[in-house]
Amino acid sequence: MQPEFLETGIYLPELELWLDPRSNVATAWVSHAHSDHARGVHGTVFGTRETLAIYEIRWPSEGPRVLQAMEFGQPIEFRGARLTALPAGHILGAAQLRIEFQGETLIYTGDIKLRPPLAGQTTEVALCDRLIVESTFGLPVYHFLDREEARSRIVTFARETLADGAVPVFLGYALGRGQEIAHALCEAGIRTAIHGAIAKYIPEYERAGYRFDGWRPYESRSLEGTAQVVTPGMRTLFEASSKDCRIAYVSGWAALANARARSGASELIPYSDHADFEELIELVEGTGARRVDLVHGYTEPLAKILRDRGIDARAAHAAAAREVEDA
Amino acid sequence: MDRLSDLAERVASTNSRNRKIALVAGYLRSLPPDQAALAVQFLRTIPVEGAKLSVGGTLLRDAIVQASGWDLELVRLCAREVGDTGETAGHLMFGRTEGRALQLSEAASIYQRLAMARRTALKLAILVETFKRYRPLTLRYFVKVISGNLRIGLQDKMVREAVEAAGLSLPGLDARLFDPFEFMLAKPLEQAPEIANAQDWRVEDKYDGIRAQGHFRHGEARIFTRGMNDATASFPEIVSELAALPGDGVIDGEVLAWRDGRALSFQMLQQRIARKTVTAKMLAELPVRFIGYDLLWRDGESLTHHPLEERRKRLEQSWPLVSPQSRLASSGDIETLFSEARARGNEGLILKRAGSLYETGKRSGAWIKVKRPYGSLDVVVTAAEQGHGRRATVLSDYTFAVRDGDTFVNVGKAYSGLTDAEIRELTRIFRTLTTGRYGRVSLVKPEVVLEVAFDGVQKSPRHKSGYALRFPRILQWRKDKTVDGIDGIEQVRALYEASLAP
C-alpha cells in the first residue's frame, strides 16, 4: 500500500479510502470525533460506534450518508482488504485502523496514547509492517502522569482549594479531557459544575458505563464551594472574577512551565489524551513496523530519533515529496 | 536541595504573593540555621557567596548533551521549546539519572568545585557527573541557581520577608560588598501619587550618564552597572579614586563624561565606552567622573534601612562629588527647576521623599523622576523574536524600522510597553506575516506600525541606517496607521544632529 499524504488527509489509492479527511469525500475512516479528525459530510463513514454517535452530534447529516459502525477487534471486509478497529485510548471511541491488504499490514493510529485513560478504552499495540503514527508530543521533554497520579492530583487540587475557601477551576477540552476530569471529581464525591460544551457529551460517556453522580450545570453566579470544569477559552472569565479562583490546566502542554503563561493557570497537571515521548517510542517499537510515517507535531525530530534507533521513519510531508519523485 | 526544589514548584504554583512567602517561611523554619542560610542563598540564585562560577548557557548545553546522550541539535530545539536551561536539563535527564538525594551542603560543595575549576573541561566534567546522579526535578533547580533566575515569581524582597517571617536573622543577607545591590529606581511623575506636601521632598538633577555602583575596600574597588555587569576596567580613573578611600563602602551614582566642571552629553560618554581598552589619549580627552547619589554601605554596615538624610550626610562625608540637593518649596516649582536642570544640560529632575529608605530592586514611589521623552516616532516592525521565560511562547521583542526612500532601515529594538493580550494578538499577526526564520527570529512583512518613545539618538554600526534609538519603548500599537504613514530616516538624522548642538 502506498498512502498519500495530502492537504485534505491521508489517502489510500488502492482502496479509495480516506483516513481522517478534512473535506468532503466519498469514503472516510474517522479515527475519533475531535473536529480536526472528524469533519465534513462524507458519503460513507467508517468508525467505532461511540465515535459515530458523537460525530452525528457534531456534524448532523445534511444529505444521504451511510454510517458504518465497527466493533473493536471485529474485522470487516472492504474492497478486498480486511479492516479492524483497535482501541487507541485517546478519547471515548478513539480507534486505530488496521488494514490487511495483499499480504501487507498497515496501521493508522489516529491520535493515540498507551497509558490507560481515565475514561475510554485502553490501547492495544498490534504488529504491522507499516505504521502511520501521530507525533504531537514527539520531543523528549514531554513526560506525562499515569491515570492514577493524574486522578490524585486533580482531586487533591480541588479539595485543597475548596478547603481554602477558593474556587478550583479546571481547564479541559470540550470532548475527552473535560469528561475525564469531571468523572474523576464526581467519583471522589466533590461538588462539581460542568460547562454545557463539555456536559453535552456526558450521555455518550454514561452509555459507555462512566458515572457522573450529582453534577450540576455551570452557572457564573454560583461558583462558591464547587469545582468548575470548563473549556480553556473561558479562563479570562475566572481571571476577572471577584472570587478567589485558582486555575488548573490539565494537558500535555502542562509538562512545561511556560504553560502557566500560555494557559493562565497556576496549577499544571501534565496529563494528556496523547502519548508522551516514551509512549511514542514504546508504541512504534512494539508494532515492529519497518516503515513509519509521522503526522502532526514534532514529525522531523522524532523521525530522526527513530532513524537513529534503526527504524525507517519519515516525517509525512517529506515522505510524500520523495514518493512523487520515485514515481 | 530536593526539598528546596519541591518547595520551588509549590511556590511557582501559586499566584498569591502572601502564600509564596508563607511557603518559603514554613520551609526555612523547618531547617537547622546553617541549612536555612544555604537555602536562602540558593533561593536568591547565589551559588557561591563572593565568587563567580563562569558557567554559561553553552557549557550547560554541552553538559546536557554529554549527560543525556541526545545530540546538540535536539537539545537546542528542546531548549527553545522549553525556554529555560534548567528546566530543559531536568526534562532531558528524565529516566536517565541515578535519582540520588542531594543535600544542600552537597550542592554547595559542587558549586564550590565549579567556581574553583579553571579549565572549562573540568567544569563540564563536574556538571555531567552531577546531571547523571541526581533527581531530574532537583537538577532543574540546581541549574536555575547557576543561570540566575528561578522563574517561580519569587523576588529577592519576598525571600527577605520570608526570612523575617521565619524569625531568622541571617547576617549579611542584603550586604554583599563586591556583589552588586539591585538598584532602587524612580517612578515617572505621571505614575506617581500627587505630591501633596512639597516640604517632604528633596530635589536633585537627573544626569544623563550611566547609573553605576562603586564598591571599595582597603585599596580595592569595583564598578557595576544597572545590568549588574562589572565595568571596572572601563573607568580606571574612578576606580583609583574609590580605592584611595578609607574603610569600605558602596556608593550609588552616575558615571558622566566630564569637562570644565560640568557633565557632557551621553553621546560623548558613548564614545568612551564604545572601546574595549581605555587608552591614555582617551583618558585625557574624555575624562569621566562618578557623581554620588546615595550610600548603601559603610564600614561593615548596610545603610539601606537608614533614612535618606543619614545616608546623604554620610555620602557627603565619604565622596567629594555629590549631586547637589535642595528642598522643594512648592509643587509649582517643579516646572522651573526642570527647565533649570535642562539648561544645565541634564535630563531632568529626581525627587526623593524625606525619611525614605533605600528599597533595593524596587521602582518606588519614594523616588520620582521628572523627564520628558526626547521624542517619539511611528515605525514599522521588520522582525519579531521569541521572548524568554513566561514570554517564551510568544513573539515579544520587535526590531523596527523607519522609511528610507523606497526601503526600510532598522533603527532599534523594543521589548516593553504592550500588554500580554496585545503581544498574543501581535504574535498571531506576525505568524501570518513571516517571510523567513532564523532561529528565534522571524522576519516579517513590514505592516505593523508602532509608536515608540526614546531618550535619544546615537550612531550605530549595527544598523544599516547608521543610527539607533536609545531606550526605545512602545507607546502604543497604531492600528489606525499603515506603513505609508510612518516616519523617515530624515527625522532620525535631524534628531541626532540636534543632540550634538551644545
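**A walk through the two-chain model**

Chain B comes to 17 helices and 20 strands, where helices (H or I, at least four residues) and strands (E, at least two) are DSSP runs numbered from the N terminus. The model is predicted, with local features needing pLDDT of at least 70 and side-chain atom pairs counting only at pLDDT 80 or more, while totals for chains, interfaces and linings use all residues. Residues are numbered from 1 along each chain as its sequence is written, and chains are lettered from A, ligands numbered from 1, in the order in which they are written.

Of the 502 residues of chain B, 37% count as buried; here a residue is buried if 20 or more other C-beta atoms lie within 10 Å of its own, exposed if 12 or fewer, and partly exposed in between, with C-beta atoms placed from the backbone. Taking contacts in chain B between residues at least 6 apart in sequence, 71% join residues at least 24 apart. A contact means that the C-beta atoms of two residues, placed from the backbone, lie within 7 Å.

Now for a pair of helices in chain B. Helix α6(B), residues 85-92, packs against helix α9(B), residues 136-147, at an angle of about 155° and with the axes 7 Å apart. Axes are lines fitted to C-alpha atoms, for helices over the stretch in contact, and angles run from 0 to 180 degrees between N-to-C directions. The two helices are therefore roughly antiparallel to each other, on a scale where angles under 35 degrees count as roughly parallel, over 145 as roughly antiparallel, 65 to 115 as roughly perpendicular and the rest as oblique. On the α6(B) side, the contact is made by B:T85, B:G86, B:E87, B:A89 and B:G90. Residues from α9(B) include B:P136, B:L139, B:Y141 and B:K144. By class, the residues of this contact are six nonpolar, four polar and three charged (Ala, Val, Leu, Ile, Met, Phe, Trp, Tyr, Cys and Pro count as nonpolar, Asp, Glu, Lys and Arg as charged, and the others, Gly among them, as polar).

Where the chains meet, 22 residues of chain B are in contact with 13 residues of chain A. Helices α5 (72-82) and α6 of chain B each supply at least two residues to this side of chain B, and the largest share, five residues, comes from α5(B). This side of chain B has nine nonpolar, seven polar and six charged residues.

Over in chain A, six strands form an open sheet of mixed pairing, in the order β1-β2-β3-β4-β5-β6; strands pair if DSSP finds at least two bridges between them. Strands β1 (4-6) and β6 (66-70) of chain A stand at the edges with a single partner strand each, so one side of each is left without a neighbour in the sheet. Neighbouring strands are turned by 25° against each other on average, direction ignored. Strand β5(A), residues 44-48, pairs with β6(A) in the parallel sense over five bridges, and A:V45 has A:L67 as its bridge partner in β6(A). Helix α1(A), residues 49-58, packs on the sheet and touches β5 and β6 of chain A, its direction making about 125° with that of β5(A).

Elsewhere in chain A, A:Y218 sits in the loop between β14 (216-217) and β15 (227-230). With 20 C-beta neighbours inside 10 Å, A:Y218 counts as buried. Its contacts, leaving aside neighbours within four places in sequence, include A:A193, A:H195 and A:V230. The C-alpha atoms of A:Y218 and A:A193 are separated by 4.8 Å, although the residues are 25 apart along the chain.
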